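Reader: Hi! Could you walk me through this one while I have it open on my screen?
Author: Happy to, let's take a look together.

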2 protein chains.
Amino acid sequence: MNPDELQQHLDAAVALAEHAGPIASGYFRQRLDVQDKSRGVHFDPVTVADREVERFLRAELQSRFPGYGVLGEEDGGENTEAERCWVIDPIDGTRAFITGMPAWGILLGLTERGTPRVGVMHQPYIGETFSGASGLGARLRHGGTETTLATRRDVALASAILYCTHPDVFILQDDRTAFERVAGACRMTRFGGDCYAYCLLALGQVDLVVESSLQSYDIAPLIPIIEAAGGVVTDGRGGSAAQGGFVVAAGSPALHAEALATIAL
Amino acid sequence: MNPDELQQHLDAAVALAEHAGPIASGYFRQRLDVQDKSRGVHFDPVTVADREVERFLRAELQSRFPGYGVLGEEDGGENTEAERCWVIDPIDGTRAFITGMPAWGILLGLTERGTPRVGVMHQPYIGETFSGASGLGARLRHGGTETTLATRRDVALASAILYCTHPDVFILQDDRTAFERVAGACRMTRFGGDCYAYCLLALGQVDLVVESSLQSYDIAPLIPIIEAAGGVVTDGRGGSAAQGGFVVAAGSPALHAEALATIAL
């Protein structure tokens with residue numbers, strides 16, 4: 001895809017994610033006890049928000065980009081053997097969402113032959129959009145201001161700040177031990193964050209994110225944002241992270257290499 | 001203090017915390033590497049923000065409320081034996097602040113003979129103000145909308161969502177074991193949050209916050225918000241939490257009793 005085409009896809013992805021924002025935020029911080037009265041006992045705001053956001057994005061993408069594949073959390077894959085494939089996580093960070101913490105986001109990405117090329121994370125309650133595409137750089141829009149995203153460079157592992165959504169994301173004992181090794185070698189570890197932590201890495205506020213048990217749609221839309229800001233994202237052994245699993249995101253190639261050597265899976 | 005007086009103090013506290021917002025957010029997400037060039041190697045945005053916010057609030061409070069005590073994180077206590085005492089945490093959640101996560105806040109509270117009566121938490125990046133006072137209820141203002149805060153009722157411990165800023169806040173082994181007991185009895189535990197977690201409890205999104213190693217200024221301004229929303233805050237043995245230490249905040253008296261019995265310090 002040439003830069004003009006990439007830019008068009010990036011603009012479309014940003015516009016669609018922002019358009020979907022009010023659908024999600026309409027369910028954010030809704031009280032179960034209030035909603036249950038009109039909608040029945042099993043109403044779950046995050047499930048409804050997930051479905052409605054994905055349905056909206058799928059319909060728009062399929063009408064504007066015929067022939068493209070679509071992979072989403074809720075309704076799975078359609079035509080995913082196509083060269084270009086949209087990837088949707090309608091609400092990344094459902095536990096943040098259901099606890100009222102605005103660290104969740106709407107993720108929308110585009111892969112080309114399996115490689116993430118365009119990515120958007122939109123947080124409608126705060127009003128932030130993080131976006132990036134291969135060779136086009138990465139940006140944060142918040143209110144009327146736009147900031148160029150750039151990872152923090154020249155940070156060694158011993159000075160690094162590490163984020164991870166929750167210590168329990170590591171199901172396998174080997175993964176947990178690997179995480180504890182890298183966390184022990186860092187200056188500071190913080191929990192929480194989901195997609196927001198990867199965006200803080202692209203923003204140069206955080207140096208490492210190490211997680212496991214990710215799905216493709218959890219990480220593929222974030223990879224172009226991080227890479228276009230100067231960071232590196234791989235799986236736990238240095239291969240592509242686009243399929244999820246154990247993921248290591250770092251602000252620089254040197255820090256990534258140091259983290260991977262410490263993780264030593 | 002009668003309701004009119006309380007309201008006046010609440011209004012003043014909200015106005016001052018919001019006025020201090022831009023001082024803090026001016027340093028939020030500033031890059032150390034950028035700032036260092038002009039200000040010298042030891043420049044630390046959160047330390048500077050902390051000092052400037054507290055200096056501003058202290059000066060305003062001392063000129064508007066002569067004879068009142070002031071207790072702040074940065075410059076300690078002045079005239080704290082006075083009947084009425086302002087309590088300031090200029091940036092609660094410094095680790096959130098330095099990692100770019102907008103879950104920190106400016107805390108300002110008023111105690112009367114040691115009892116917290118008025119409290120405000122202002123998050124300037126998101127543009128939220130949580131506030132409350134004894135008998136006057138609690139509110140969240142975000143953009144142009146105001147929401148009445150009310151904790152979630154009728155949640156048993158087994159269904160509760162628990163927040164805690166970080167597992168390492170429990171220095172004493174007994175405290176850590178007590179936390180693990182209560183966390184194990186809850187439906188879900190999330191880490192991160194600082195003052196924001198207590199506000200989510202007041203908002204009815206979270207049911208419990210259990211932490212240790214708190215200072216008076218970390219918790220005293222949050223107590224009136226939680227209590228005015230229907231929650232209960234004590235130390236680990238059911239006494240006043242106004243001095244900090246081990247703190248148990250719950251959305252209802254019944255849940256608080258159940259949590260305290262499980263913590264069993």
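Author: Let's start with strand β7 (residues 137-142) of chain A, which is joined to β8(A) by 4 bridges, the two running antiparallel. Strands (E, at least two residues) and helices (H or I, at least four) are DSSP runs numbered from the N terminus, and two strands pair if DSSP finds at least two bridges between them. Before we go on: this is a predicted model, where local features need pLDDT of at least 70 and side-chain atom pairs count only at pLDDT 80 or more, while totals for chains, interfaces and linings use all residues. Residues are numbered from 1 along each chain as its sequence is written, chains are lettered from A and ligands numbered from 1 in the order written, and side-chain values use heavy atoms, leaving out hydrogens and water.

Reader: Thanks! Which residue does Arg141(A) stand opposite in β8(A)?
Author: Arg141(A) faces Glu146(A) there.

Reader: And what is the strand order in the open sheet of 8 strands?
Author: In chain A the order is β2-β1-β3-β4-β5-β6-β7-β8, with mixed pairing. β2 (76-78) and β8 (145-148) of chain A are at the edges with a single partner strand each, so one side of each has no neighbour in the sheet. On average, neighbouring strands here are turned by 15° against each other, direction ignored.

Reader: Which strands does α1 lie across in chain A?
Author: Helix α1 (residues 3-25) of chain A lies across β3 (84-92), β4 (105-112), β5 (115-123), β6 (128-133) and β7 of chain A, and runs at about 30° to β5(A). For angles like this, axes are lines fitted to C-alpha atoms, for helices over the stretch in contact, and the angles run from 0 to 180 degrees between N-to-C directions. Helix α6 (residues 195-202) of chain A also packs on the sheet: α6 touches β3, β4, β5 and β6 of chain A, and its direction makes about 105° with that of β5(A). Touching, or contact, means heavy atoms within 4.5 Å.

Reader: Nice. How do α1(A) and α3 pack?
Author: α1(A) packs with helix α3 (residues 45-64) of chain A at an angle of about 155°, their axes 9 Å apart. α1(A) and α3(A) are therefore roughly antiparallel; angles over 145 degrees count as that, under 35 as roughly parallel, 65 to 115 as roughly perpendicular, and the rest as oblique.

Reader: Switching topic: at what angle do α5 and α9 of chain A cross?
Author: Helix α5 (residues 173-185) and helix α9 (residues 253-263) of chain A cross at roughly 130°, and their axes come within 8 Å. That is why α5(A) and α9(A) are described as oblique to each other. Their crossing is right-handed. Ala178(A), Arg181(A), Val182(A) and Ala185(A) of α5(A) make the contact with Ala259(A), Thr262(A) and Ile263(A) of α9(A).

Reader: What about the open sheet of 5 strands?
Author: The order is β10-β9-β11-β13-β12 in chain A, again with mixed pairing. β10 (188-191) and β12 (232-235) of chain A are the edge strands, pairing on one side only. Neighbouring strands are turned by 20° against each other on average, direction ignored. β12(A) pairs with strand β13 (residues 245-250) of chain A in the antiparallel sense over 4 bridges, and Asp235(A) stands opposite Val247(A) in β13(A).

Definitions and conventions: Left-handed = near helix turned anticlockwise from the far one by under 90°.
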